[in-house]
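Here are some notes to read beside the structure. Please keep the sequence and the 3D view open while going through the points.

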Amino acid sequence: MNSKIAQRLTLYFAMALILFALTVGTLFSLMFARHTADVTKRDLCAHAVSIAQTVAEFADDCDQGECKGGGFKAYMRYIGDAAMSDLYLLDERGESVALGEMAIPEAPLSEQARGMTAQVFESGEVISSGFSLNPFHPREMIVCAPVFDPQEHVRFALVMSMPVSSIAHALQDAFYMLTACLAIAMV
């Protein structure tokens with residue numbers, strides 16, 4: 001009789017532990033995803049603003065959509081590689097500003113980014129997209145920053161588009177870690 005009571009208590013304890021672990025794991029995953037997305041968005045916005053300010057210094061060499069300065073082309077190539085995101089520089093018509101033979105990037109700009117670019121020209125403010133792990137939403141984070149001319153008018157829109165696969169991988173790693181902890185706790 002005592003062994004039956006001990007088995008039931010062990011079963012109830014195991015069920016309570018599993019329920020608690022699932023609840024905590026779900027809450028942790030949601031908070032971790034939100035925090036990681038917020039930090040990534042904040043960093044991407046800061047980078048976009050910094051790049052836009054530097055591009056504004058080179059913008060005087062840009063006439064009717066063609067930027068000729070060798071320093072500008074080298075800067076855009078370097079930033080495109082270092083930023084680990086797609087980098088676009090668009091004029092008010094939404095056309096990519098020619099950066100010479102090494103145009104950045106080769107991937108087409110999404111419709112969401114084009115709409116955000118139009119908002120940047122209207123408001124003159126930095127605009128960023130949200131983040132979602134939902135497979136039906138775009139799996140990229142987009143930041144659009146205005147590039148001002150000396151009269152403080154928006155001359156170009158700098159668009160940075162970054163895939164959010166790194167955030168999804170971090171969430172997956174966190175899930176595996178919680179699963180391993182649960183297994184160890186059950187033993």
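**Notes on the predicted model**

1. The protein chain exposes about 11900 Å², and carbon and sulfur atoms supply 60% of that area. The model is a predicted one. Of the 187 residues in the protein chain, 33% are buried.

2. The protein chain contains 4 helices and 6 strands. Along the sequence, they come in the pattern α-β-β-α-β-α-β-β-β-α. Among contacts in the protein chain with a separation of 6 or more, 62% are between residues 24 or more positions apart.

3. Helix H1 covers residues 2-58 and includes methionine 15. Methionine 15 has 48% relative accessibility; the cut-off for exposed is over 50% and for buried under 20%, so methionine 15 counts as partly exposed. Together, Leu11, Tyr12 and Met15 make a nonpolar surface patch of about 330 Å².

4. Helix H3 (residues 111-123) has 13 residues, which at 1.5 Å a residue should span 18 Å. The C-alpha atoms at its ends are 19 Å apart, which agrees.

5. Which residues of H3 are buried? They are Ala113, Met116, Thr117, Val120 and Phe121. Seen down the axis of H3, the buried residues fall within an arc of 145°, so they line one face of the helix. An α-helix has 3.6 residues a turn, so residues three or four places apart point the same way. Glu111 and Glu122 are exposed on the other side of H3.

6. The buried residues of H3 pack against strands E3 (86-90), E4 (127-128), E5 (140-148) and E6 (154-163). Just after H3, glycine 124 has a positive phi of about 75°.

Key
Residues numbered from 1 in each chain as written. Predicted model: local features only at pLDDT ≥ 70, side-chain atom pairs only at ≥ 80, totals over all residues. Heavy atoms only, no water. Patch = residues over 30% accessible without salt bridge, like charges linked within 9 Å, V, L, I, M, F, W, Y side chains within 5 Å. Areas by Shrake-Rupley, 256 points an atom, 1.4 Å probe, with all protein chains shown as cover. Salt bridge = Lys/Arg side-chain N within 4 Å of Asp/Glu carboxyl O. Helix = DSSP H or I, 4+ residues; strand = E, 2+ residues; numbered from the N terminus. Buried < 20%, exposed > 50% of the residue type's maximum accessible area, 1.4 Å probe, protein only. Contact = heavy atoms within 4.5 Å. Expected span 1.5 Å × (residues − 1). Arc of directions from axis to C-beta.
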